[in-house]
Amino acid sequence: MRVFVLIFNAGTDNEGIHSIRISNAQGIEGNKILLFESEDDATRYALLLEAQDFAIPTVEMMNADDIQEFCQSTGYDWEIIPENSELVMPPETNVEQTDWQAEPEIADTQEEFFPPSLSIPEIANSDLDSIRRKLEGLL
């Protein structure tokens, strides 16, 4: 069965799936992934998140069995949202600290891009000479 889920930073190394924080009767907290049967319902939910100033997710189609297997391996719960059901509303509050970063941070390592044994002018001049010879050969 195909379902639609919300993915943040789709196609990047920092990809994450949207989940909501839940608590059981004993007060133990966990995460639940919503599996939408309808792409339109998933898109509406994504727009509601955006209206709450949440990061904008991408709606992705996936196999429900794959998501359920993922949930079982990570201890997450899941809920299938039937097509044309009552509109699901995101929680009013969002988790302050997420397991992913909305935008990857690039650390300033102060490292040189070229090894110290090579000087930049030498590299540039040898490349320029090679390009110049190739261009002159075309004339």
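Let's start with Ile 22, which touches Ile 28, Glu 29, Gly 30, Asn 31, Lys 32 and Asp 77, leaving aside residues up to four places away in sequence. Keep in mind that this is a predicted model. Ile 22 sits in strand E3.

Now meet His 18. This residue lies in the loop between strand E2 (16–17) and strand E3 (20–23). With residues up to four places away in sequence again left out, His 18 touches Leu 6, Phe 8, Lys 32, Ile 33, Tyr 45, Leu 49 and Phe 54.

Is each residue buried or exposed, or partly exposed? The table gives the values.

| Residue | Relative accessible area | Class |
|---|---|---|
| His 18 | 7% | buried |
| Ile 22 | 23% | partly exposed |

His 18 counts as buried because its relative accessible area of 7% is under 20%. Ile 22, at 23%, is partly exposed, because that class lies between 20% and 50%.

Let's step back to the whole chain. There are three helices and six strands, and along the sequence they follow the pattern β-β-β-β-α-β-α-β-α. Of the 139 residues in the chain, 22% are buried. The chain exposes about 10,500 Å², with carbon and sulfur atoms supplying 50% of that area.

How much of the contacts with a separation of 6 or more comes from residues 24 or more positions apart? Such residues account for 69% of them.

Technical notes
Residues numbered from 1 in each chain as written. Predicted model: local features only at pLDDT ≥ 70, side-chain atom pairs only at ≥ 80, totals over all residues. Heavy atoms only, no water. Helix = DSSP H or I, 4+ residues; strand = E, 2+ residues; numbered from the N terminus. Buried < 20%, exposed > 50% of the residue type's maximum accessible area, 1.4 Å probe, protein only. Contact = heavy atoms within 4.5 Å. Areas by Shrake-Rupley, 256 points an atom, 1.4 Å probe, with all protein chains shown as cover.
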